[in-house]
Amino acid sequence: MNLANLLLRQALQQPDRSAIYNGTVPHASYGQWAARSAGLARRLIEAGLVPGDRVLLFMRNHPRYLEILFGAWWAGLSVVPVNAKLHTLEVEWIIQNAGARWGFVTSDVAPAALGGLERQIDIESGEADALLAPMTDFSKQPLVERDQDSLAWLFYTSGTTGRPKGVMITQRNLMTMGLTYFVDVDVVSSDDAIVYGAPMSHGAGLYAIPHLMAGARHVVPASGGVDPAELFELGRAIGPLSTFAAPTIVKRLVDYAEDAGLTQQDAAASFKTIVYGGAPMYVADIARALRVMGPRFVQIYGQGETPMVATALSRQHLTDTAHPRYRERIASVGVAQTPVQLRVSDERGVALPCGEVGEVLVKGDSVMAGYWENPKASAAAIQDGWLFTGDVGSLDVDGFLTLKDRSKDLIISGGSNIYPREVEEALLTAPGVAEAAVVGAADAEWGEVVVAFVVLQSGASVTEQDLDQHCLQAIARFKRPKQYRFVDELPKNNYGKVLKTALRERLGIQPRN
Ligand code: AMP
């Protein structure tokens, strides 16, 4: 098995079809893509890299990302995708931990030499041109055969404390993820196009796989990131786009559409499907997104350890407004995706009855092989094939999973459990509130008290008293924030997740394990 076979089969079937775009400019047809990836594979092998060796990708979103990724797989190598926002020292730690031999970088992200690499290639240099020089008879370059359980993608978890762990994602995991997209997320045809706004080193980039399976087009915005005006324009120019977006990005797209006075038809001209996930999507936000942009959303829940595959909330679920439990459903992350089983369990892994809150467990072909060179952490994370996700939630009788929070974000105040998400959901329905994040602060009397960080909509004037009154209408008294901090923005990582650790640090609270 070799995931690069997905590229080979498309290139053989439709060599002249446009495959990769740099903004609106065609970058490669399927034949050219395969020719460059095959050429790279040959040169990697000639240079002495052997199956299973790791190569690092540390770059902004770039059309060559896809050529290098599939070239490395073609040669039987494993790829280490790195978050472009990491500090040099963090990347060097990953290089050393993964034993990465070569690194492909963009100079904006890695301006200097990274310690630990045998060779560092700036993908916009003449050196990269030579490595990617097309091999027009690409089908003559053999795909290096890999076991389906061999390492394809070594993804380092963001890790809020301590060192990140390398999540071993196999060829089989990614094949499963790709095929599952068609059943649980969306139907894709070769006329479709996916746009990479969010970092390709994370889930957004993995969605290249189903779109390659379907022979669709792959578009990297000229800016290499998320600029709502650019994305709307790109969709109008190339045809409706599909994309993966964290909730914060969805929010920016919706804000833009609303400010520009776009109709749902306008939104449909630019976007086919927006898959959201990676962080909580609050009811108020998804309701507004559907109202402004129409039925073009699907939610997924997954994590690095079971990439993009745990649950999905389909377009149908999101638009079935007549369903008696519609509100609960759009607050949920949907139902188990086809290849996995889902369980909410106690700390021993024993399944809990419907409605009870416990840790979310996932089992199936999308679940990682384990953590790189870390048998202890692997054994703790996977027991009897069940992945302990560290997320807390409950299942309803129809199989819909509602996430509460990461277990470490739980606040215990006066002996009662408070899930920040419930408080955040309530705050977000208050007039004038744009964003909210809730953490626990140590308190002599209560153990912990709820502290809310609130971003107001521009021009809104909202007081602590207003929010307190609002919370009294919406949630139990003891869950109300005891303190408010009004801030201009919330700290977020490169993937759009709110950094609760950074918020706790602002309150002078030590990181939790
Ligand atoms: P990562 O491994 O960086 O992809 O982060 C995965 C974590 O993000 C999960 O364990 C969840 O805590 C969170 N997450 C992912 N998808 C969702 C979602 N749809 N809703 C809420 N939280 C999510």
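Me: What makes Lys 165 a charge over the face of Tyr 371?
Reply: Lys 165 lies 5.0 Å from the ring centre of Tyr 371. A charge sits over a ring if NZ of Lys or CZ of Arg is within 6 Å of the ring centre and within 35 degrees of the ring normal. Lys 482 likewise lies over the face of Trp 446, at 5.4 Å from the ring centre. This is a predicted model, in which local features need pLDDT of at least 70 and side-chain atom pairs count only at pLDDT 80 or more, while totals for chains, interfaces and linings use all residues. Residues are numbered from 1 along each chain as its sequence is written, and side-chain values use heavy atoms, with hydrogens and water left out.

Me: Why is the pair of Phe 232 and Phe 271 called edge-to-face?
Reply: The ring centres are 5.0 Å apart and the planes stand at 85 degrees, so the pair is edge-to-face. Rings of Phe, Tyr and Trp (its six-membered ring) pair if their centres lie within 6.5 Å; planes under 30 degrees apart count as stacked, over 60 as edge-to-face and the rest as tilted.

Me: What does the pair of Phe 232 and Phe 271 tie together?
Reply: Phe 232 belongs to helix α9 (residues 228-238) and Phe 271 to strand β12 (residues 271-276), so the pair links parts that are 39 residues apart in sequence. Helices (H or I, at least four residues) and strands (E, at least two) are DSSP runs, numbered from the N terminus.

Me: How do you know whether Phe 232 is buried or exposed?
Reply: Its relative accessible area is 0%, so Phe 232 is buried. Buried means under 20% relative accessible area, exposed over 50%, and partly exposed in between (1.4 Å probe, protein chains only). Phe 271, with 1%, is buried too.

Me: Why is α9 called roughly perpendicular to α10?
Reply: The axes of α9 and helix α10 (residues 247-259) come within 9 Å and cross at roughly 75 degrees, which makes α9 roughly perpendicular to α10. Angles under 35 degrees count as roughly parallel, over 145 as roughly antiparallel, 65 to 115 as roughly perpendicular and the rest as oblique. Axes are lines fitted to C-alpha atoms, for helices over the stretch in contact, and angles run from 0 to 180 degrees between N-to-C directions.

Me: Which residues of α9 make the contact with α10?
Reply: Pro 228, Ala 229, Leu 231 and Phe 232 do so; contact means heavy atoms within 4.5 Å.
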